[in-house]
Amino acid sequence: VSQTEAQLIARAASGQPRAVEALVNLHMPRVYALAYRMLGQAQEAEDVTQETFIKAWNILPDWQPKAKFSTWLHRVTLNLCRDRLRKKREVLTDEAPEMVDTALRPDQALAQNQRQSALEAAIAGLPERQREAITLCALQEMTNIDAAEIMQVSVDAMESLLARARRGLKAALASHEDLRP
Amino acid sequence: MTPERLLTLIDAYGADPLSWPEVERDAGRALLTAKPELFQEALANARALDAELAEMRAFTVPSGLASRIVDLAPQPEKERPLTRLKNWFLPDGQLWPAAVTAASLLVGVMVGYSAIGTETALPTSEADDAFYTALETDYSVNFEEIGR
């Protein structure tokens with residue numbers, strides 16, 4: 001943890017407006033990006049981003065500079081996203097067992113969208129842990145060690161998740177190519 | 001670093017050595033340089049996906065979200081100057097901190113007086129400016145603010 005980050009957090013904890021703004025400018029875009037990538041909805045991503053920073057503001061006075069602040073923020077964000085995804089699954093299971101999911105399956109979306117959209121659909125179609133791993137490492141550009149800490153798995157497990165995620169994405173994109181006229 | 005391990009790294013992290021674990025990066029690069037023919041297919045296979053993922057990193061942030069989050073930050077408590085002074089010198093009505101503070105003040109004045117003419121630190125506001133300027137990161141490469 002850098003001296004500068006520790007100073008910035010201490011200043012923000014004491015209520016210095018410039019320090020608060022600097023913390024937000026440094027970290028908010030990546031927090032929002034992670035939430036959006038995990039949840040796929042802008043409003044939900046905004047809500048999670050705000051919840052994450054409310055937790056951050058509460059913890060700042062007691063912040064122990066053992067971990068990187070960005071790693072802590074990512075872990076909180078990921079946990080909030082997991083909660084929301086779990087609740088959505090429970091609602092679907094408990095309240096509407098007869099409901100048919102009208103969302104496109106990844107292969108259907110692949111056939112309909114351009115390649116970039118196909119990749120987004122393929123990522124959305126990955127198992128949750130693989131999606132988290134590829135999002136943290138390939139899109140959020142976290143190191144494997146930081147990503148493993150955020151997901152609370154071993155570095156080896158992270159590597160395995162990443163490899164499976166990339167294979168899944170390659171297969172999905174290859175089938176998209178096959179489906180193109 | 002074995003060829004099998006390097007193939008595993010490419011499989012998991014992609015073709016760019018910068019995305020490999022730092023502790024294995026140099027050894028991986030060295031093996032890649034020594035035996036490029038072993039890894040050509042895996043690298044080509046990985047590069048296509050790497051390029052697609054790199055395009056997805058650009059991201060737009062909703063307009064106004066930053067200021068809403070700043071507004072949620074706790075505001076510093078504003079004490080009246082006399083109350084602050086009283087709490088500083090006489091916490092919970094005790095006298096000994098006032099005596100210690102007075103002694104420290106006296107020593108500080110003496111040291112400060114002897115150091116006149118050797119001051120090199122920036123004035124507070126300039127030091128603050130330098131601190132915050134050093135923090136400014138050009139994340140506009142990947143993030144831009146959009147209207148909603």
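This is a predicted model: local features need pLDDT of at least 70, side-chain atom pairs count only at pLDDT 80 or more; totals for chains, interfaces and linings use all residues.
Q: What makes B:Arg68 and A:Glu46 a salt bridge?
A: The closest N and O atoms of B:Arg68 and A:Glu46 are 2.6 Å apart. The cut-off is within 4 Å, from a nitrogen of Lys or Arg to a carboxyl oxygen of Asp or Glu. The pair therefore counts as a salt bridge.

Q: Why does this pair join two chains?
A: B:Arg68 lies in helix α4 (residues 65-72) of chain B. A:Glu46 lies in helix α3 (residues 42-59) of chain A. The pair therefore joins two chains.

Q: Is A:Glu46 buried or exposed, and how do you know?
A: A:Glu46 has 2% relative accessibility. Buried means under 20%, so A:Glu46 counts as buried.

Q: Why is B:Arg68 called partly exposed?
A: Its relative accessibility is 29%. Under 20% would be buried and over 50% exposed. B:Arg68 falls in between, so the label is partly exposed.

Q: How do you know that A:Glu128 and A:Arg89 meet in a salt bridge?
A: The N to O value for A:Glu128 and A:Arg89 is 2.9 Å. The rule asks for within 4 Å, so the pair qualifies as a salt bridge.

Q: What parts does the pair A:Glu128 and A:Arg89 tie together?
A: A:Glu128 lies in helix α7 (residues 128-139) of chain A, and A:Arg89 in helix α4 (residues 69-95) of chain A. The pair therefore ties together parts that are 39 residues apart in sequence. A:Arg89 has 44% relative accessibility, so it counts as partly exposed.

Q: What makes B:Asp11 and A:Arg167 a salt bridge?
A: Their side chains meet at 2.6 Å, N to O. That value meets the rule of within 4 Å, so the term applies. B:Asp11 lies in helix α1 (residues 3-13) of chain B and A:Arg167 in helix α9 (residues 155-179) of chain A, so this pair joins two chains. At 45% relative accessibility, A:Arg167 counts as partly exposed.

Q: How many salt bridges does the rule give over all chains?
A: The count comes to 14. One network of salt bridges links A:Glu44, A:Glu51, A:Arg84 and A:Lys88.

Q: Which residues make the contact of α1(A) with α2(A)?
A: Among those of α1(A) are A:Leu8, A:Ile9 and A:Ala12. Those of α2(A) include A:Leu23, A:Leu26 and A:His27. The residues of the contact divide into eight nonpolar, one polar and two charged.

Q: What makes α8(A) mostly covered?
A: Six of the eight residues in helix α8 (residues 144-151) of chain A are buried. Among them are A:Asp146, A:Ala147 and A:Ile150. α8(A) is followed by A:Gln152, which has a positive phi near 60°.

Q: What is the make-up of chain B?
A: Chain B has seven helices and two strands. From the N terminus on, they run α-α-α-β-α-α-α-α-β. Buried residues make up 25% of its 148 residues.

Note on methods. Residues are numbered from 1 along each chain as its sequence is written. Chains are lettered from A and ligands numbered from 1 in the order in which they are written. Side-chain values use heavy atoms; hydrogens and water are left out. Helices (H or I, at least four residues) and strands (E, at least two) are DSSP runs, numbered from the N terminus. Buried means under 20% relative accessible area, exposed over 50%, partly exposed in between (1.4 Å probe, protein chains only). Contact means heavy atoms within 4.5 Å. Ala, Val, Leu, Ile, Met, Phe, Trp, Tyr, Cys and Pro count as nonpolar, Asp, Glu, Lys and Arg as charged, and the others, Gly among them, as polar.
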